[in-house]
Protein chains: 2
Amino acid sequence: MATIRDVAARAGVNPSTVSRAFSGQAKISEDTRQRIFVAAEALNFHPNAIARSLSVRRTQTIAIVIPHIFPGFFEDSFFPQVIRGLLEVAYQRGFRVLVGGSNSHEDNITQTFQILGSQQADGIVVLSNRLDVDTVGALRKQKMPFVLVGRPPAHYADVSWVDADNERYTQMAVAYLIQQGHQRIAFVGGDPEVAVTRERLKGYQAALDAAGIRACPEWIDYGYFAEAGGYTAVQRMARLDKMAPTAYYAANDLMAIGVMRALRTLQIAVPDQVSVIGTNNAPESLHVVPALTTVHVPYADMAALAAEILITAITNDERPIAQRYVDCELLIRDSTGPYRPDRAE
Amino acid sequence: MATIRDVAARAGVNPSTVSRAFSGQAKISEDTRQRIFVAAEALNFHPNAIARSLSVRRTQTIAIVIPHIFPGFFEDSFFPQVIRGLLEVAYQRGFRVLVGGSNSHEDNITQTFQILGSQQADGIVVLSNRLDVDTVGALRKQKMPFVLVGRPPAHYADVSWVDADNERYTQMAVAYLIQQGHQRIAFVGGDPEVAVTRERLKGYQAALDAAGIRACPEWIDYGYFAEAGGYTAVQRMARLDKMAPTAYYAANDLMAIGVMRALRTLQIAVPDQVSVIGTNNAPESLHVVPALTTVHVPYADMAALAAEILITAITNDERPIAQRYVDCELLIRDSTGPYRPDRAE
DNA sequence: CTGAAAGCGCTTACAG
DNA sequence: CTGAAAGCGCTTACAG
């Protein structure tokens, strides 16, 4: 590989001049610029990004750590949409995205700090939001920039995040079911150790409270974001007889689809007998029959915004501090309908 | 950030000794090793990966370029599975994955060469396999290691790839339909400018030929891997009356799902009146009703194998040359059944 | 086992 | 506008 010295030698200039010619910033006489580019072309020279990074102490790279150990992670629409948002903004701002795997929730921290400590990236977008792993507490003690997708469990005023108002939109979805006449409404959450699950549960409870409905503990279950989790939740709850839910709120579409599959098995018609609402507006929510009513959560936009905040902070040499909510939307499709006492059993 | 010099100063040794202590390779007296680690700990020292990369001329990073501009790319199961395979192997071998976006099919080449030219990665896994863009021809002219997921359009004996035998498995899928008594079988391909589409079309034709069926040009359509593409293909073909297909082969599950949606609209029962086979075994193929018969293509495994070949070559300082097929499997589920002349109309 | 030196390929403050 | 020098933070061949 040709280096800047080779080009300099061939063009009869100092290496620093070659550097300036390629930087595009410095003023160079048109004549020497020409000579340099001709020489570079002839030698098939490409500036070495690593050398530049070392010199300027900036990599033009943002990182993300993905728990590759959970196959389910790659079947949910969350992950690809996050990558898409990141990539879009990074591309446009001239950054690359460095992805590290992780072995477990704890390893997520280890890997995050490894990337940051070894300075392989200028900053990081952090996804992990488990209540039992205080990533954020650890991160804010160091100086590398980071932005969370999802709020931190504890409220740190000095930490930057982008999030959907999960509580509010879950409340809205459940309120819609109530408005359709439903009273016995199930909540099928994801991983109970994840912050978003708690937030959604709060929203669910708020909706019931506002309507004066007393929540029954049997209506609450956790499906860990998996289709099978939605399925088993129904198996459990359908046994409640007179207290069996007539509507299900599920914290992602995969679980909602599992709910629908279980109801089909039990010969319970959706939405005639039971209504189902999912979350995320995953592609498959549109492809199932009946098409799933769901809360659109713009994960690509969230990630894009996080990347934007992060890169801007990096570029301006400051800490990211912005905290932003994105808007969601309840998409009413065919899996929800009015409560029909006549058809309920 | 503390550097190796700071640690050396505090431990009272030469920087090179610190380097050796952290390399893990060189022999160091237990005593000085201790002193060094204590000093490193006190200073919160982490070796700078960029500096190391520059020095050893290796980044411990493999790259991949993703056309972030196509939203559909992120709705297909292909992309997340590829990332999963890459991440798994990279993690295990101590590599990271660098992801670059791209703006168009042509830009894919530009970005690939930019990453390689600037030496941001030690090698690259290449996805783009368009017939009109000779990425491979350009790549083999340079010396950076690369492995293709999917064979190159032209046969380059010196290029490394991992692929499914698309022709063979499509033939197998179509042969299965024929064996079920179907004669009028549609082919809904992806993007006709992509190599895999041609391969599948060949397999389709081979199956018909083997059974002595004359393929009818109207049975062939391209849905560009989108659900809507499958839908419109049916709209077009259902008008063929007596020549309308009684079975559809679709080159991905999204299109197969579109096919099923169109048939539902036309009140044509699957599989009683018409059979449908998809491809890829995407998560949603299991969630639709009836569950989709499909060809499982192990994209995560393919990507993992590609990463394995690439990283091994990098580590051994040689060109990757392996060419490997992975096994697919026809998963017979509920969307296919015997041809029933009595129910066909 | 450890030190001193040179080098990886850039950038940039300092002179002129 | 251009050059010469020092430096970014590591690694490693060479001595001892």
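Q: In β2(B), which residue is the bridge partner of Leu98(A)?
A: The partner is Leu98(B). This is a predicted model, in which local features need pLDDT of at least 70, side-chain atom pairs count only at pLDDT 80 or more, and totals for chains, interfaces and linings use all residues. Residues are numbered from 1 along each chain as its sequence is written, while chains are lettered from A and ligands numbered from 1 in the order in which they are written.

Q: How many bridges join β2(A) to strand β2 of chain B, and in which sense do they run?
A: Strands pair if DSSP finds at least two bridges between them. Strands (E, at least two residues) and helices (H or I, at least four) are DSSP runs, numbered from the N terminus. Here three bridges join β2(A) to β2(B), residues 96-101, and the two run antiparallel.

Q: How many residues of chain A are in contact with chain B?
A: Contact requires C-beta atoms, placed from the backbone, within 7 Å. By that rule, 38 residues of chain A are in contact with 38 residues of chain B. On the chain A side, α5(A) gives the largest share, eight residues. The side divides into 19 nonpolar, 13 polar and six charged residues. Nonpolar covers Ala, Val, Leu, Ile, Met, Phe, Trp, Tyr, Cys and Pro; charged covers Asp, Glu, Lys and Arg; the others, Gly among them, are polar.

Q: Which way do the residues of strand β3 of chain A point?
A: Gly123(A) and Val125(A) point one way, Ile124(A) and Val126(A) the other. All are buried. Buried means 20 or more other C-beta atoms within 10 Å of the residue's own; exposed means 12 or fewer, and partly exposed lies in between. β3(A) pairs with β1(A) in the parallel sense over three bridges. Ala63(A) stands opposite Ile124(A). Three bridges also join β3(A) to β4(A), which run parallel. There Val147(A) is the bridge partner of Val125(A).

Q: Why does Ile178(A) count as partly exposed?
A: Ile178(A) counts as partly exposed because 18 C-beta neighbours lie inside 10 Å. Ile178(A) sits in helix α8 of chain A, residues 166-179.

Terms used. Contact = placed C-beta atoms within 7 Å.
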